[in-house]
Amino acid sequence: MLFSHLWAAVGDGWTILFTAIRVTVVYVVLLGVLRWMGRRLLGQMTPFDLVTLLLLSNAVQNAMIGPDNSLVGGLLGALILLAWNRVISRRTKLRRFFEGAPVVLITRGRVVEEHLRREGIDLEELLAALREHGVDRIDAVDAAVLEMDGTISVIPQSSPTIHRLRKVRSSRNR
C-alpha cells in the first residue's frame, strides 16, 4: 500500500526515464557550451557572468523536467545532475574532455595571443592577474597559465641564485 502511494508520487517508469534523458542531454550540452565559452566565465565571474549563469539555469529548467513542477520532479532532476557530476568527476578521461587542460598565456615574457583569443581573455584581464601576483610587466613573467578552474597562475622570472654548500655530510659516515 505504502509502496504504491510512493510510486504514484514518483511517476511511472516512462516519466522517470524521459526525465533522466532530458536532464542528461541538457547537462552534457551545457558542459560543452561552457567549455566552448572558455574558462574565464568560471574562474573570475563578473556580475554579468553571474547573472548569465543564473538566467541560464532558469532557462533550461523546463527543458530538463518538462511540465513536472512537483517536488519529486525537481528532486529527481537534482539527483540525476548530482549523479552525472559524480560520474564525470571520477572518470579522468571524461573530466579532461569537459575541463580541458591548462593553457599557457605567457611564456618567457611573451604573450601567446592565439591562446588569449581562444580562451576569451583580453590583455587587460591578463595584466590584472599579473598585478595580483605582484608582477608589473609582461617581460618579467616566465610563465602565466590559465588553469582548469579559470584562475591564472603566474611564475615570475627570477634572477638565478647560486647556493653553495660549505659542508656536505655523507650518509656513509653515519
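**Ground rules.** I kept in mind that the model is predicted, so that local features need pLDDT of at least 70 and side-chain atom pairs count only at pLDDT 80 or more, while totals for chains, interfaces and linings use all residues. Residues are numbered from 1 along each chain as its sequence is written, and side-chain values use heavy atoms, with hydrogens and water left out.

**Sheet.** I looked up the strands (DSSP runs of E, at least two residues, numbered from the N terminus, as are helices, which are runs of H or I of at least four). I found 4 strands in an open sheet, ordered β2-β1-β3-β4 with antiparallel pairing, where two strands pair if DSSP finds at least two bridges between them. The edges are β2 (110–111) and β4 (152–156), each of which pairs on one side only. Strand β3 (residues 141–146) runs antiparallel to β4 and is joined to β4 by 5 bridges, and I noted that A144 has V154 in β4 as its bridge partner.

**R110.** I then located R110 in strand β2. Buried or exposed? R110 is exposed at a relative accessible area of 64% (buried is under 20%, exposed over 50%, partly exposed in between, with a 1.4 Å probe and protein chains only). Its C-alpha atom is separated by 6.9 Å from that of I138, 28 residues apart along the chain.

**Annotated spans.** The unreviewed UniProt entry places "transmembrane region" at residues 14–34, 46–65 and 71–88; such annotations may be inferred rather than shown by experiment. In the model, residues 14–34 are 100% helix and 0% strand, with end C-alpha atoms 30 Å apart. Residues 71–88 are likewise 100% helix and 0% strand, with end C-alpha atoms 26 Å apart.
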